[in-house]
Amino acid sequence: MLDKIKQFFNEQLHPEQQQQDPAAAMQLAAAALLIELSRADFERSESEQQAMEAILKNKFSLRDEQLKTLIELAETENREANSLYDFTSLVNEHYSTEQKIALIKAMWTVAFADGEISKYEDHLIRKTADLIYLPHSEFIKAKLAVSPKG
């Protein structure tokens, strides 16, 4: 998995930034987690897909072609992954606490996009927050920060 990630970033994204910012490779992990979330309730809505694409495009300043390639690669990696640990271990290795909170906020944003949170989406976000060692209070704050009701 890591070889495919490195190849993608070397070929498609800014390899010169790779040297300065090793966390750039985390785009794929974030995309794979968002894709997993969009599938969690067994229904992949258009609104969730659009929210996921907007988050990835804006957060990582991607062009349309780069976004498409990132999502395709993330989908492949997501299908081949044995567990969330494949992605959360990379997040733990490279993300700061603030970046982890932003990831959980992004996951909540995608989950809220279709107007309802399924128990499967809630469970996946909670599990991800636990695996990236985010305190429960930050998990709740992230949810409330992006909730359309909050």
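## Rings, bridges and a helix crossing

Trp108, Phe112 and Phe139 form one aromatic cluster. The model is predicted. In total, three aromatic pairs are found in it.

Phe42 and Tyr120 make an aromatic pair with edge-to-face geometry. Phe42 sits in the loop between helix H3 (26-39) and helix H4 (46-60), while Tyr120 belongs to helix H8 (residues 119-131), so the pair ties together parts 78 residues apart in sequence. Phe42 is exposed, at 68% relative accessible area. Tyr120 is partly exposed, at 41%.

Next, the charged side chains. The whole structure holds six salt bridges. One of them joins Glu75 and Arg39, with 2.5 Å between the closest N and O atoms. Glu75 is in helix H5 and Arg39 in helix H3, so this pair ties together parts 36 residues apart in sequence. Glu75 counts as buried because its relative accessibility is 15%, under the 20% limit. Arg39, at 27%, is partly exposed.

Asp122 takes part in two further bridges, one with Arg126 and one with Lys143. The N to O distance to Arg126 is 3.2 Å. Arg126 and Asp122 are four residues apart in helix H8, so about one helical turn separates them. The bridge between Lys143 and Asp122 has its closest N and O atoms 3.8 Å apart. This pair links distant parts of the chain: Lys143 lies in helix H9 (residues 136-146), Asp122 in helix H8, and 21 residues separate them. Through shared partners, Asp122, Arg126 and Lys143 join into one salt-bridge network. Asp122 is buried, at 17% relative accessible area. Arg126 is partly exposed at 32%, and Lys143 is partly exposed at 27%.

Now the helix packing. The axes of H4 and helix H5 (residues 64-80) come within 10 Å and cross at roughly 115°. The crossing is right-handed. H4 contributes Gln49, Glu53, Leu56 and Lys57 to the contact, and H5 contributes Asp64, Leu67 and Ile71. By class, these residues are three nonpolar, one polar and three charged.

Finally, is Thr88 buried or exposed? Thr88 is buried, because its relative accessibility is 0%. Thr88 lies in helix H6 (residues 85-94). Which residues does Thr88 contact, leaving aside neighbours within four places in sequence? The partners are Leu33, Thr128, Leu131 and Ile132.

Notes. Residues are numbered from 1 along each chain as its sequence is written. This is a predicted model: local features need pLDDT of at least 70, side-chain atom pairs count only at pLDDT 80 or more; totals for chains, interfaces and linings use all residues. Side-chain values use heavy atoms; hydrogens and water are left out. Helices (H or I, at least four residues) and strands (E, at least two) are DSSP runs, numbered from the N terminus. Buried means under 20% relative accessible area, exposed over 50%, partly exposed in between (1.4 Å probe, protein chains only). Contact means heavy atoms within 4.5 Å. Rings of Phe, Tyr and Trp (its six-membered ring) pair if their centres lie within 6.5 Å; planes under 30 degrees apart count as stacked, over 60 as edge-to-face and the rest as tilted. Axes are lines fitted to C-alpha atoms, for helices over the stretch in contact, and angles run from 0 to 180 degrees between N-to-C directions. A crossing is left-handed if the near helix is turned anticlockwise from the far one by less than a right angle, and right-handed if clockwise. Ala, Val, Leu, Ile, Met, Phe, Trp, Tyr, Cys and Pro count as nonpolar, Asp, Glu, Lys and Arg as charged, and the others, Gly among them, as polar. A salt bridge is a side-chain nitrogen of Lys or Arg within 4 Å of a carboxyl oxygen of Asp or Glu.
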